[in-house]
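Reader: I have a model open and would like to talk it through. Can you take my questions as they come?

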Amino acid sequence: MASNPNPIFISSDSLHSILSHSTLIQHFHSSLPTVSSAINTPIRQHYSLSPSSSLLLMPSWSSAPSLPYIGVKLVTHFPQNSTINLPGIHANYVLFSSTTGQPLASMDGTLLTLHRTASVSGLASKILAKKNSKILIMIGAGALAPHLIKAHLSSNPSLQKVIIWNRTIKKAIDLAGTLQKSNELKGVSFETDESLDEIVPLGDIISCATNSETPLVKGEGLKHGAHLDLVGSFRETMKECDDEAIKRGRVYVDNEAALVEAGELVGAFVRGVIGKGDVGGNLVELIEGKKVGRKDCDEITVFKSVGSGVVDLLAAQLVYETCMKKNKC
């Protein structure tokens, strides 16, 4: 891809028009095995700006000829913004040429992260969920929830019903109503329910995107053959399911960072529920076939993701190259 002499700004509207969950899932599936080992992703840098606000820098760069880029995600965390009706997290992603160092593009890092996070889960459920899955349970109704729903629906066309649960039921109702009106999701029914314990046993795929520090999904309620997708936790104190869910399921991760960051897994290791050696593999190993995925229709699978600069860079690549090729920016 030739360098653009002037860096471009890719607006949120342009990013929306370029990215679909299905194209990003396909891009991850074809690219991760070939370039993931050539991408360097140092530990993110965290700076406290005040007792409550912070700045995070997340760089990554590639040595693969097919991915000649450097990327940096810049994130600000200002939780007090809720008092002035603004999001607490803002992000921008900046792309450079790894050949010349020239800046190429900048884009909405929040939207990019939402798409790539959901598409990683969608790719995992494509590999690990039962092929005849009918019901998706969505736990959480925040910004990530509609993306996860669309990604799982894209990867599992047999899904017919989505049931949404949220602590604040109105948010679940509003999300279900919005999605039900979407032309791209015709043929799928959307419902809400206030009883999590009653709907978890219905789920063929259960996707969680919350900041919960107490388990929401109880392993005893998982049906045979269920696939549990855990997205929300990224600290040891956070957990979206209990030990029984980890014990009953065959666990997979997006990358090795999940083994030291995800509360569900770190706690399970400490308590001897499972060992690190019991983890079935990571996403790249599943794509390559080096690790076995679902063995039969009754097996419960669990996928835990914490994100990485690798998929950030691949998502930004797809956006930038599509933008330049189709003049969509």
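Author: What follows is a conversation about this structure, which is a predicted model.

Reader: What domains is the protein divided into?

Author: Domain 1 covers 8-112 + 310-326, and domain 2 covers 122-307.

Reader: How many Å separate their centres, and how many residues of each are in contact?

Author: Taken over C-alpha atoms, the centres of domain 1 and domain 2 are separated by 24 Å. Nine residues of domain 1 are in contact with eleven residues of domain 2.

Reader: Now the inside. Which residues touch the most other members in the largest nonpolar core?

Author: That core has 67 residues, and those touching the most other members are Phe28, Leu32, Met107, Ile149, Ile164 and Phe190. Helix α11 (residues 309-326) gives the largest share of this core, ten residues. Both domain 1 and domain 2 supply at least three residues each to this core.

Reader: What is Phe28 in contact with, leaving aside its neighbours in sequence?

Author: Beyond four places in sequence, Phe28 is in contact with Pro33, Arg116, Ser119, Val120, Leu123, Ile287, Val311, Leu314 and Ala315.

Reader: Are Cys241 and Cys297 buried or exposed?

Author: Cys241 counts as buried because its relative accessibility is 3%, the cut-off being under 20%. Cys297 has 54% relative accessibility and so counts as exposed, the cut-off there being over 50%.

Reader: Switching to helix α3. What span should its residues have, and how far apart are its ends?

Author: Helix α3 (residues 109-128) has 20 residues, and at 1.5 Å a residue they should span 28 Å. Its end C-alpha atoms are 28 Å apart, which agrees.

Reader: How many of the residues of α3 are buried?

Author: 17 of the 20 are buried, so α3 is largely enclosed by the rest of the structure.

Reader: And what caps the N-terminal end of α3?

Author: Asp108 does, with a side-chain oxygen 2.8 Å from the backbone nitrogen of Thr110.

Reader: Where is the place of His152, and is His152 buried or exposed?

Author: His152 sits in helix α4 (residues 145-155). With 0% relative accessibility, His152 counts as buried.

Reader: Which side chain does a polar contact join to that of His152?

Author: That of Asp229, at 3.1 Å. Not counting residues up to four places away in sequence, His152 touches Ser121, Gly122, Ser125, Leu136, Leu159, Ile205, Ser207 and Asp229.

Reader: What about Ser106, where does that lie?

Author: Ser106 lies in strand β7 (residues 103-108). Its relative accessible area is 18%, so Ser106 is buried, given the cut-off of under 20%. Among the residues Ser106 touches, with those up to four places away in sequence not counted, are Ile8, Phe9 and Ile10.

Reader: Last one, Asn85. What is its phi near?

Author: Phi of Asn85 is near 60 degrees, a positive value in a residue other than glycine. Asn85 lies in the loop between β5 (69-77) and β6 (89-97), and at 72% relative accessibility Asn85 counts as exposed.

Conventions: Residues are numbered from 1 along each chain as its sequence is written. This is a predicted model: local features need pLDDT of at least 70, side-chain atom pairs count only at pLDDT 80 or more; totals for chains, interfaces and linings use all residues. Side-chain values use heavy atoms; hydrogens and water are left out. A nonpolar core is a set of buried Ala, Val, Leu, Ile, Met, Phe, Trp, Tyr and Cys residues joined through side-chain atoms within 4.5 Å. Buried means under 20% relative accessible area, exposed over 50%, partly exposed in between (1.4 Å probe, protein chains only). Helices (H or I, at least four residues) and strands (E, at least two) are DSSP runs, numbered from the N terminus. Domain bounds come from an automatic or database domain assignment. Contact means heavy atoms within 4.5 Å. The expected span of a helix is 1.5 Å times one less than its number of residues. A polar contact is a pair of N or O atoms within 3.5 Å; within protein, one must be able to donate a hydrogen and the other to accept it, and residues adjacent in sequence count only if both atoms are side-chain atoms.
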